[in-house]
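The entries follow the order in which I looked things up.

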Amino acid sequence: MNLNDQVRQFWEAEVCGTSADLIGQFEPYSRAWYEAIEAHRYAAEPFIHAVAQFTRYRGLRVLEIGVGAGSDHLQWARAGADCYGIDLTDAAIETTRQRLALYGFSSQLQRHDAETLPFADGFFDIVYSWGVIHHSQRPEAIIAEIQRVLKAVGMFIGMLYQRPSLVAWELWVRHGLLRGKPLRSLHDILWHHMESIGTKGYTVAELRSMFAAFKACQIDPYLTEQDLRRFPKWLRAYVPRAWGIFLALRVVK
Ligand SMILES: C[S@@+](CC[C@H](N)C(=O)[O-])C[C@H]1O[C@@H](n2cnc3c(N)ncnc32)[C@H](O)[C@@H]1O
């Protein structure tokens, strides 16, 4: 089975961000379920709004790659964007489709692997992708496709995982050090123990070189709950942001 088939199998089993452990027990696809997903997401990752800035792109054509449960897709729709979305899984597409319909919105959604985007050159004003590209077998192919489908003045907004980061080091302690395998690299640890198989993490310099064909690339690290969970509350404010697992990007074509 190739890597993206395994990635697909993993995310088909449970749509990202919908686990009952995170959001509590609700009837799937009900309004209460979707609202619990939304409440949990923006409580855990409030900085998404500062990075995505959904409301600045009213009337523009936005493609979201890897819609997952559709939380951010709903924000794009609410903000008045002309929405398109893809995901590797039927589960994500159906969850997002029903979610938008519940609130009276729609989007052109389809299941597709982002390594080849089914859109014409220069079609989108914005391509958005939060926590997706690092799961794919060929992230560079996705980035090349993003560049192709963006208009000349288009913009990519998104997030990829950072290596090293506190989350990566914690996984290394658990799956490397404590199992007598301290020489396992962070790359290998993320690949095998961070969500679907084959997950990658990048340094800021690596991301800059992956987006080198773009004009300008702003990269900001963010700490997440998962980075901070081993720290006592009083210490959290002093942990450097640069150690966070999230690298948020705003990239001008
Ligand atoms: C960690 S979830 C993130 C979902 C959503 N963006 C969010 O932030 O909640 C990763 C999603 O990316 C999708 N995905 C992974 N590889 C993909 C690919 N090559 N093409 C399209 N979607 C992909 C998965 O199916 C999954 O829904």
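I count a contact wherever heavy atoms lie within 4.5 Å. I note at the outset that the model is predicted.

Entry 1, aspartate 72. I located aspartate 72 in helix H5. The side chain of aspartate 72 forms a polar contact of 2.8 Å with the side chain of arginine 41, and another of 2.4 Å with the side chain of tyrosine 42.

I next looked up how helix H3 (residues 31–44) meets helix H5 (residues 71–78): their axes come within 10 Å and cross at roughly 95°. The two helices are therefore roughly perpendicular to each other. H3 contributes Ile37, Glu38, Arg41 and Tyr42 to the contact, and H5 contributes Ser71, Asp72, Leu74, Gln75 and Arg78. I sorted the residues of this contact into three nonpolar, two polar and four charged.

For helix H8 (residues 166–175) and helix H9 (residues 186–193), I noted axes that come within 9 Å and cross at roughly 85°. H8 is thus roughly perpendicular to H9. The contact involves Ala168, Trp169, Leu171, Trp172 and His175 of H8, together with Leu186, Ile189, Leu190 and His193 of H9. Here I recorded seven nonpolar residues, two polar and no charged.

Key:
Residues numbered from 1 in each chain as written. Predicted model: local features only at pLDDT ≥ 70, side-chain atom pairs only at ≥ 80, totals over all residues. Heavy atoms only, no water. Axes fitted to C-alpha atoms, helices over the stretch in contact; angles between N-to-C directions. Helix = DSSP H or I, 4+ residues; strand = E, 2+ residues; numbered from the N terminus. Parallel < 35°, antiparallel > 145°, perpendicular 65-115°, else oblique. Nonpolar A, V, L, I, M, F, W, Y, C, P; charged D, E, K, R; others polar. Polar contact = N/O pair within 3.5 Å; in protein donor to acceptor, adjacent residues only side chain to side chain.
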